[in-house]
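I opened this notebook to keep track of what I looked up in one protein chain, beginning with a single side chain and ending with the whole fold.

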Amino acid sequence: RDLTIKNVLSYGLVTSTVPGVSGNCFVENCMFQNTDNYDTDLSSVTVHHPEAVAILNNRNDCVYSNIEIVNFQTAVRHTAPNAVFTNLHAWLRDPFYWDNSVVFDCFSPDITLNGCEADTMRKLLKSHNTGFFATVMNCKAYNNTDIVSDKMAARSMPVVVEKYDDADSHVVVTGGSFWFET
């Protein structure tokens with residue numbers, strides 16, 4: 001709890017070195033921040049890390065609350081069942097990451113999002129597996145046209161779910177505000 005992790009090259013937080021193990025994990029009041037082209041203390045060359053992931057949730061039954069993630073193309077990679085994310089705010093200040101950005105990149109079922117935001121992230125939730133189940137409550141997804149141009153933002157508004165092929169996915173959405181891609 002109460003951590004700030006900056007300039008991540010691969011993973012800011014990996015919940016377990018043994019994927020899929022049982023046991024609870026609690027993470028709260030943390031910030032993950034990569035540099036961006038708006039930082040004034042950088043040299044003229046900006047280094048991007050599109051493969052970096054802020055949180056790799058590969059432990060069962062984890063709870064995350066009050067998390068801020070800045071400038072990660074993938075904010076959370078979810079690879080173990082039963083994760084709950086409350087008040088996670090992922091946002092981009094660097095348009096380099098926007099086209100392929102996703103807040104929750106899910107390779108495992110059963111995820112709950114409560115009060116989460118996708119601020120200028122291309123997708124809020126993406127599922128790669130069959131039998132995916134998500135509960136999405138009071139979340140928001142939007143594009144900041146100060147970061148991406150009106151033309152880019154109009155091309156693709158943030159989506160709630162992108163499913164993998166014809167995989168059966170079940171998502172319950174309650175409250176919040178989203179734009180759906182057609």
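With which side chain does the side chain of Asn 58 make a polar contact? I found that its partner is the side chain of Thr 15, at 2.9 Å, where a polar contact is a pair of N or O atoms within 3.5 Å, one able to donate a hydrogen and the other to accept it within protein, and residues adjacent in sequence count only if both atoms are side-chain atoms.

Before going on I noted that this is a predicted model, in which local features need pLDDT of at least 70 and side-chain atom pairs count only at pLDDT 80 or more, while totals for chains, interfaces and linings use all residues. Residues are numbered from 1 along each chain as its sequence is written, and side-chain values use heavy atoms, with hydrogens and water left out.

**Asn 58.** I placed Asn 58 in the loop that runs between strand E4 (53–57) and strand E5 (62–70); strands are DSSP runs of at least two residues and helices (H or I) of at least four, numbered from the N terminus. The side chain of Asn 58 also reaches the backbone oxygen of Ser 16, at 2.9 Å. Asn 58 counts as buried because its relative accessibility is 4%, the classes being buried under 20%, exposed over 50% and partly exposed in between, with a 1.4 Å probe and protein chains only.

**Aromatic rings.** I searched the whole structure for aromatic pairs and three came up; rings of Phe, Tyr and Trp (its six-membered ring) pair if their centres lie within 6.5 Å, and planes under 30 degrees apart count as stacked, over 60 as edge-to-face and the rest as tilted. Tyr 64 and Phe 85 are stacked, because their ring centres are 4.4 Å apart and their planes lie at 5 degrees. This pair links distant parts of the chain, with Tyr 64 in strand E5 and Phe 85 in strand E7 (residues 83–91), 21 residues apart. Tyr 64 is buried at 0% relative accessibility, and Phe 85 is buried at 1%. Ring pairs join Tyr 64, Phe 85 and Phe 104 into a cluster.

**Core and chain.** Among the residues with the most contacts inside the largest nonpolar core, which has 39 residues, I listed Phe 85, Leu 88 and Phe 104. Leu 88 touches Ile 67, Val 76 and Phe 104, among others, a contact being heavy atoms within 4.5 Å. For the chain as a whole I recorded one helix and 15 strands, with buried residues making up 43% of the 182 residues.

Technical notes:
Core = buried A, V, L, I, M, F, W, Y, C linked by side-chain atoms within 4.5 Å. Lists of a residue's contacts leave out its neighbours within four places in sequence.
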